[in-house]
Structures are given as C-alpha cells and as structure tokens.
Amino acid sequence: MTTARAVGGTRHRAADRTADRADAPVSEGGAALTAWLASLVHNHDYASLAELRRPRVQREPHFRALWYSPTEAQREVYGQVAFLFAVYHQGRTKPAFGYGSLGEAARRIGGGAGRGPDDPGAARLVDRIVSSRRIPWRHLQHAIARLRSCEQQPPSWAGLVDDLNRWHDRRARVPYEWGVAFHMPPARAAADRAGALSLPTAAVSLPKDPTT
C-alpha cells in the first residue's frame, strides 16, 4: 500500500514538473529564430526553406539561422532546429509554431490503431531519443517527419531550441522529462493539451533583422 502511494506520488510530481515546463517562457533567441522561420513560410520564401533542408550545403539562410544564437556553443542547435523546421514545413503554406515538448508532440504520432505509447513505432523512436547521451539528431528528424506525415502539430520550436541547449544539463533532465510527457496518462495529457491550446497562438512576433 505504501509502495503504491509512493509510486503514485512520484507520477504526480513528474506530471506537475512537465506541466510547469510547458508553461515556462522560452528564450529570446529561440523565439526570434522561430519568428524568422515562420516569416519564411508567411512570405512563401520556399527557396530559403529548401536551402535549410540541405544542411551540408551551408548558404545564406543557414548562416542567418545561426545569427539568432546568443553564443557560439549554441549555434549547432539553432542550425539544426532550423533544418527540422524546414523539413516539417516542406509543401506547407502556413507556419506551425507547435506546442509542447518533443515528448508531448510524440504522443500525437500514429493513426487509427493508436497514437503515442499505443503506436509501437512511436514508442521505439522515443526510447531511442531519450536514451541517447548525445543529441540524437537523426531520430529527431524521424520524429518531425512522422509528425508531418501524420498531419499533427510539431513541438514548440522555440521550446525545442531551449530543451536541446540543455540536453547535457543534469538538473534540467530534458530526456527524462520528454519520456515522462510521452508516457503521461491520457487524462492528464488531455488536460495539459487543453491548457496549451488556450494560450495565444501568436506568442512570438516577427523579429528585427539582427544585422540592423
């Protein structure tokens, strides 16, 4: 009986931390990057988005994404999130700012047979992501591609920037929190999703060009 109470209490505390994380403000750099990327979709700048989908060929759009990084150490994350954004928005005419963490977004992967933990492919993918010591770029690309193919909302791009910049922060425990969010009981996940959808959709404004 005591063990059951302890386990239940641990689950509630983990869920509370996930909810608090979802409401946390995003960094200025992450918000500015997201707004710039969204402006490419708004302005139908498909050439720049196509360039971002070719990270090995680094041209002007790639370097512009790096400008939003506040430090040199974070540039890789900014460039890779720009790549993931461009992958998700291939063929799309309206920007999707997304919501929630990658773990929450992965709950939306799947189809009629089940989504999230009920989709074996999604469960295996999340297991690979959260068990990786290094940032699992290839698996993250797979997750974003699956969300796109399922026509589901992506994670918050600005939040993804911040999470990935804290991937190696033991106190932040980003992989753990993603796993908690993915496996959260459906009733609690639905309540958190309703709260997220009630937030303003225009949470980020288009930034000024960092070169001016």
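**Figure 1. Helix α10 and its buried residues.** In α10, the buried residues are Val174, Pro175, Glu177, Trp178, Gly179, Val180, Ala181 and Phe182. Here "buried" means under 20% relative accessible area, "exposed" means over 50%, and "partly exposed" is in between, using a 1.4 Å probe and protein chains only. Because eight of the nine residues of α10 are buried, this helix is largely enclosed by the rest of the structure. Val180 belongs to this helix, which covers residues 174-182, and Val180 counts as buried because its relative accessibility is 17%. Val180 and Glu104 are 76 residues apart along the chain, yet their C-alpha atoms are separated by 8.8 Å.

This is a predicted model, in which local features need pLDDT of at least 70 and side-chain atom pairs count only at pLDDT 80 or more, while totals for chains, interfaces and linings use all residues. Residues are numbered from 1 along each chain as its sequence is written, and side-chain values use heavy atoms, with hydrogens and water left out.

Figure 2. The protein has eleven helices and two strands. Both kinds of element are DSSP runs numbered from the N terminus: helices are H or I with at least four residues, and strands are E with at least two. Starting at the N terminus, the order of elements is α-α-α-α-α-α-β-β-α-α-α-α-α. The protein has 212 residues, of which 46% count as buried. Contact, in these legends, means heavy atoms within 4.5 Å. Among contacts between residues at least 6 apart in sequence, 76% join residues at least 24 apart.

**Figure 3. Helix α2 meets helix α9.** Two packed helices are described by the angle between their axes and the distance between the axes. The axes are lines fitted to C-alpha atoms, for helices over the stretch in contact, and the angles run from 0 to 180 degrees between N-to-C directions. For α2 (residues 28-42) and α9 (residues 157-165), the axes come within 8 Å and cross at roughly 140°. That angle makes α2 oblique to α9. As for the word itself, angles under 35 degrees count as roughly parallel, over 145 as roughly antiparallel, 65 to 115 as roughly perpendicular, and the rest as oblique. On the α2 side, the contact is made by Gly30, Ala31, Leu33 and Thr34, and on the α9 side by Trp157, Ala158 and Val161. Five residues of this contact are nonpolar, two are polar and none is charged. In this grouping, Ala, Val, Leu, Ile, Met, Phe, Trp, Tyr, Cys and Pro count as nonpolar, Asp, Glu, Lys and Arg as charged, and the others, Gly among them, as polar.

**Figure 4. A closer look at helix α9.** Eight of the nine residues of α9 are buried, so α9 is largely enclosed by the rest of the structure. You can pick out the buried ones as Trp157, Ala158, Gly159, Leu160, Val161, Asp162, Asp163 and Leu164.

**Figure 5. Helix α4 against helix α5.** Here α4 (residues 60-67) packs on α5 (residues 75-88) at an angle of about 130°, with the axes 8 Å apart. The two helices are therefore oblique to each other. Their crossing is right-handed. From α4, His62, Ala65 and Leu66 make the contact, together with Arg75, Tyr78, Gly79 and Ala82 from α5. The residues of this contact divide into four nonpolar, two polar and one charged.

**Figure 6. His89 in a loop.** His89 lies in the loop between α5 and α6 (102-106). Is His89 buried or exposed? His89 is buried, because its relative accessible area is 1%. Leaving out residues up to four places away in sequence, His89 touches Val41, Lys94, Pro95, Ala96 and Trp157.

**Figure 7. Gln141 in helix α8.** Gln141 is found in α8, which spans residues 137-149. At 32% relative accessibility, Gln141 counts as partly exposed. Gln141 touches Phe83 and Leu84, not counting residues up to four places away in sequence. Gln141 and Gln80, 61 residues apart in sequence, are 9.4 Å apart in space, C-alpha to C-alpha.

Technical notes. A crossing is left-handed if the near helix is turned anticlockwise from the far one by less than a right angle, and right-handed if clockwise.
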